[in-house]
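Dear colleague,

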Amino acid sequence: MTVTVTDWTSVIDAQGAVGRVPVLLDQVERGDAPDAWEELWDRLCLHGDTVSAAGFAALPRLAVLAPTCAQALELAGAIVRGTLRHPDGEALLARCPNEIARLRGLVDLKLRTRPADYHRLFGDLLALAGQYHWSASLGDFTDDFYPLSCPHCEAEVTIAVGDYGCYSAVRDWDRGDIERRALQPARVEELGEPGRWMHATAVRDGQQRLADGITCIFGSAECPVCAGVFNIAEAHTDANLPPALETH
Ligand SMILES: [Zn+2]
């Protein structure tokens, strides 16, 4: 397999340093420095949130380690999740499409084993498939709320999906969610992408709550203010992706 060769002399990590990351990658590849992983996280993906240019540059080597190293797979997933939070994230990611495809395949294989951290891995899968805003916002549907703006009247509408019900409502500071309207889940055969693929993956892996939540979030809601009906996923995408990044 070919590995992208990186010129590390110009790649800055999250601590503002150059040159330390390849040393740490050498160490984790040899498996002789258990503490190296912690420092790698700090330099590549600070607080699991801010991804450095070095994070994207490290992806090819992490992808080589990932089949036999859960830490490498988890760190790679966290880096890819942060793509839109780095100004050049998409361009940097585009340099290693083969590695991204390989990582996506590994995460998909692991999901089939129904691991305890299924929900986090499902988020990694979404990011590796380019669904960054779903990766960042999709909950596990135990008690999830999505604040949206009604596309008809621009009223603030709260979408709830969880044990407390599946509804659209107006969130009142004193009285909680008022004017509740039941959501209309999408029928499975009518699901559009990426909802269809997300739902099929959850069903394949026996994640019924997740699958049901996806049909809700890709279904429609009635605005409690103007009674207009709108597609929840479209409103959510409009609210969370800059226009240039929307896919139609
Ligand atoms: Zn409205």
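In strand E5, glycine 165 is the bridge partner of glycine 162. The model is predicted: local features need pLDDT of at least 70, side-chain atom pairs count only at pLDDT 80 or more, and totals for chains, interfaces and linings use all residues. Residues are numbered from 1 along each chain as its sequence is written.

Strands E4 (residues 156–162) and E5 (residues 165–172) run antiparallel and are joined by five bridges. Strands (E, at least two residues) and helices (H or I, at least four) are DSSP runs numbered from the N terminus, and two strands pair if DSSP finds at least two bridges between them.

These two strands belong to an open sheet of four, in the order E3-E4-E5-E6, with antiparallel pairing. Strand E3 (143–149) and strand E6 (176–182) each have a single partner strand, so one side of each is left without a neighbour in the sheet. From one strand to the next, the twist averages 30 degrees.

Helix H11 (residues 232–240) lies across E3 and E4, at about 70 degrees to E3. Axes are lines fitted to C-alpha atoms, for helices over the stretch in contact, and angles run from 0 to 180 degrees between N-to-C directions.

Asparagine 240 lies in helix H11. Leaving aside neighbours within four places in sequence, asparagine 240 is in contact (C-beta atoms, placed from the backbone, within 7 Å) with His133 and Ser137.

Yours sincerely

Notes. Two residues are in contact if their C-beta atoms, placed from the backbone, lie within 7 Å.
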